[in-house]
Number of protein chains: 4
Amino acid sequence: MDRRYRLVLSCPDRVGIVSMVSNFISSHGGSIADANQHTDPGCNYFFMRVEISAATLPFSLDALKEAFRPIAQSFNMEWDITDSAKPKRVVLMASRESHCLADLLYRFHSEELFCEIPCVISNHDKLRSMVEWHGIPYHHVPVDPADKQPHFDKIEQLIAEYQADVVVLARYMQILPPALCEHFPHRIINIHHSFLPSFAGAKPYHQAHERGVKLIGATCHYVTEDLDAGPIIDQDVTRISHRDHPEDMVRLGRDVEKSVLARGLRWHLEDRVLVHGNKTVVFA
Amino acid sequence: MDRRYRLVLSCPDRVGIVSMVSNFISSHGGSIADANQHTDPGCNYFFMRVEISAATLPFSLDALKEAFRPIAQSFNMEWDITDSAKPKRVVLMASRESHCLADLLYRFHSEELFCEIPCVISNHDKLRSMVEWHGIPYHHVPVDPADKQPHFDKIEQLIAEYQADVVVLARYMQILPPALCEHFPHRIINIHHSFLPSFAGAKPYHQAHERGVKLIGATCHYVTEDLDAGPIIDQDVTRISHRDHPEDMVRLGRDVEKSVLARGLRWHLEDRVLVHGNKTVVFA
Amino acid sequence: MDRRYRLVLSCPDRVGIVSMVSNFISSHGGSIADANQHTDPGCNYFFMRVEISAATLPFSLDALKEAFRPIAQSFNMEWDITDSAKPKRVVLMASRESHCLADLLYRFHSEELFCEIPCVISNHDKLRSMVEWHGIPYHHVPVDPADKQPHFDKIEQLIAEYQADVVVLARYMQILPPALCEHFPHRIINIHHSFLPSFAGAKPYHQAHERGVKLIGATCHYVTEDLDAGPIIDQDVTRISHRDHPEDMVRLGRDVEKSVLARGLRWHLEDRVLVHGNKTVVFA
Amino acid sequence: MDRRYRLVLSCPDRVGIVSMVSNFISSHGGSIADANQHTDPGCNYFFMRVEISAATLPFSLDALKEAFRPIAQSFNMEWDITDSAKPKRVVLMASRESHCLADLLYRFHSEELFCEIPCVISNHDKLRSMVEWHGIPYHHVPVDPADKQPHFDKIEQLIAEYQADVVVLARYMQILPPALCEHFPHRIINIHHSFLPSFAGAKPYHQAHERGVKLIGATCHYVTEDLDAGPIIDQDVTRISHRDHPEDMVRLGRDVEKSVLARGLRWHLEDRVLVHGNKTVVFA
């Protein structure tokens, strides 16, 4: 695909936003390659994402932002413009379960996911070889159950050091402290192995087996202070039957977790996910 | 399809059950047209459903039961044998929402569902014409919010009078009193308009909208004293997006409710649902 | 929902289309309630659909069209503007199978589908009572296999007489003559009971059973001269197994046919389907 | 799971098969852990799969086969008994596309798939490092387009040398010569990247894009002489839209291919797939 500038914005709805934005683009000769918009009548809020062919605009990314700023301010927008040619830096965190990590590494390796993975962090040393085969540094940061704070301090330091744009909890299994969550709003993505809000917390497949549900699911969401309650990016389910023991559900669930997390991360990397309150607008 | 005897049984697992049952059948010349079995290692329980071509056995239904009884007793089975040619009597209950009722009536009318529908009961008079077009009596039994007991007494009387084999709450929207639930164990089927256990109780689509989920669902279950907590027969979901307001979710959800309820009822009518504890084994 | 004007257009892509259209709208104070656009880089074509709150524009529908015409001409657009308050007139055609007809009638009756159904036409008299219960005229137009032309002449006359905006072949089972197809381009919708292009032609479920596929499907498409080859609006599938005989596939397929046809018709009624060449852009 | 003997059989249907088989098992004290059966009334054929807890039988695998042989002969069965503790030997073949290969390697590595992978064969050298990281020999067997026979001879030799129980064409992209197909009936599994019988042959995603379908799929089947026409083991689909270019379809299709192939192979490894004529019975 050709290089694109991605303009993403949200603001209180009123007449003239699309007109102002599209005039701005066309007045500089910009060719719109893709565009989505959404108005939420409940909160009277407007959301927009536009991809402009970078070659058709006479701007660098910084100059484009500068030129757009007055419009953004006049409409009181939350906004950003990104360059599709600039990969985001994704720090992956995992524990002992490898399926989500392996899946993301493969999609990265095969260039399906356009990003950089500067490092993988784990509280166990188990997945080092798999990660290092991909040429990615592996940081084993053990957790002392009696005092987890040093672990989280080290993680925060690594995230800063590697200049992560986004952190992915690929079945990391530790609950992040509120302070860490707050430092990275809408920049930490988790995969929970249930169809939230059902079966939040620990051992969701066992909870699902106990209840006798006929579908199991997975939920990809931004991490907030409230455990398993952040804005949902994507969810999916798969059918099970009475034949499936909890270990079958774990196995079947892995494939759902992998695809939901990969899809959610992809959308995030392409600036398709806009958060408003505790919900997401996903221009998929 | 040719006429079948359906033998359904469950009992503590041990060696020799299948052998004893299949010997019984073949020793009388019975031809097995379909068979399913399941062993739950968690509770060491065995479940079986066998369809035998009725014409190949020298028994009436009653004589067949009599002949099988000693085997059932020796294995301490919960069991039943039914005749596929004998339609079950299904009493439908509805309120003001017509989609599930209309769907079941159509499937009955088009002979997709093999059953009798001796009457429809509703706490409103709104759907009378639709029901009566199908040649089915319609009973309007109003609810006095100050004292609902007379309503439920009347319903229990109608269920008895019409000799219902199964009662279907096709969006009936009233909570049945515990006594009524206990009188008809595993014989009252409800459709709940959420993917249980998420969003039990009232207005599940609004709850789902509030939470920002990406799929909505419906759950067909047997009614027990515990609201929305009975054994689940079937569930399904459909994808929604940020574009969908609660009224869109209501609309999209209707199709899921209809198909899940119709499937659950069909399985019940064909004796495919075995309940054990708070879970079902569905030999679909 | 509030009343909307729906502007739908397609034209060769170039810089400035969105800007021109949105300026036009905002310069008259129009509030955009929903908008979608798509650029097909393969054929360099642009597609757009905009919903404008009618109350925010100082135009009648005709005046709005008049005002927009110069823009449309300058960009060489195929275009139309419709009024969401004006229901389209849908003539339904059926044969002996009632499931799609009953499903559409119910959705009409329950006001889920916003349209008028001025009449139902069938080559059999079987479904008269069901149709007339809805207060809709039923025309039985028999087919003489030796000379089908009088049948099609009569149908064309009825379509004209009832001023149909769209004709739906709800399992009508007759192949329309090319002339009739040409008279109503992109205005005749058919449901084919297979996942096209697999199993075009007669008895698709039997073809599917013969081949041993593991999913069966249905396809909603605009009718063209080429049988089962017109632009596809929607498709869906359902899982089957070795247990399913052709008659089970017919039964399971009915639910897919119903939902795919209802969805396709809904999108058509809401002006969400744009045809280009032999493909559709669906702004769902 | 405990060790199991898996008895798989098919034969012309008649009274007494289940009885004879289950008597045989129970008379030796065998505990049935799982069982499935199916009667196809179209061809009057009977199919059965029984898992027996190995520890409950006084037989080695060979002795069990010997003991069962007379029954098998008297019913004219095609049959086999396998030992769940004995992994099948799976030779993987790939070309340049790595997604199916990487997926199967991961499932093998994580012990989700119980098998041995004695080697991977490819007509390119591209995937060597990935394969060798798993400790599996990689054979690069180039194809000379002018004379492919030496390539296929070498492959047949490797299959024999490594004593493959099953060969998986994980996007191998070469058409096997009829002789090779015939040597391994129902033992070569292919993944085709379309929903067969649609879009057989080359470049199915481009064919699908051309036709404007709304779902794309993948098909896992046994390889026969007739290209893309062998018995189907599993299929699945995913939704696409007008936004998806052929390269998007390739990307989205990869996930379907991976899951369908992995599921099909798993079923094969667990002896769940019975072939009759050109169709499969899958006791999933």
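How do H7(D) and H8(D) lie to each other: roughly parallel, roughly perpendicular or oblique? They are oblique to each other; angles under 35 degrees count as roughly parallel, over 145 as roughly antiparallel, 65 to 115 as roughly perpendicular and the rest as oblique.

## Basis of the model

This is a predicted model, in which local features need pLDDT of at least 70, side-chain atom pairs count only at pLDDT 80 or more, and totals for chains, interfaces and linings use all residues. Residues are numbered from 1 along each chain as its sequence is written, chains are lettered from A and ligands numbered from 1 in the order in which they are written, and side-chain values use heavy atoms, with hydrogens and water left out.

## Helix packing in chain D

Helix H7 of chain D spans residues 204-211, and helix H8 of chain D spans residues 246-269. Helices (H or I, at least four residues) and strands (E, at least two) are DSSP runs, numbered from the N terminus. The two pack at about 120°, with axes 9 Å apart. Axes are lines fitted to C-alpha atoms, for helices over the stretch in contact, and angles run from 0 to 180 degrees between N-to-C directions.

H7(D) contributes D:Tyr205, D:His206, D:Ala208 and D:His209 to the contact. H8(D) contributes D:Pro246, D:Met249, D:Val250, D:Gly253, D:Arg254 and D:Glu257. Contact means heavy atoms within 4.5 Å.

## Symmetry of the chains

Chain B can be laid on chain C by a turn of 180° and a shift of 0.0 Å along the axis, with an RMSD of 0.0 Å. Copies are superposed by least squares on the C-alpha atoms of residues with pLDDT of at least 70 in both. The two copies are thus related as by a two-fold rotation axis. The same surface serves both: 100% of the contact residues of chain B recur in chain C.

Chain A can be laid on chain B with a turn of 180°, a shift of 0.0 Å along the axis and an RMSD of 0.0 Å. In chain A, the C-alpha of A:Ser198 is nearest that axis, at 2.5 Å.

## Buried sites in chain B

Helix H3 of chain B (residues 99-109) is mostly covered, with 9 of its 11 residues buried. Buried means under 20% relative accessible area, exposed over 50%, partly exposed in between (1.4 Å probe, protein chains only). Among the buried residues are B:Cys100, B:Leu101 and B:Asp103. Just after H3(B), B:Glu111 takes a positive phi of about 65°.

B:Ser31 lies in the loop between helix H1 (17-27) and strand S2 (32-40) of chain B. B:Ser31 counts as buried, at 17% relative accessibility. Leaving aside neighbours within four places in sequence, B:Ser31 contacts B:Glu51, B:Ile52, B:Ser53, B:Thr56 and D:Val15.
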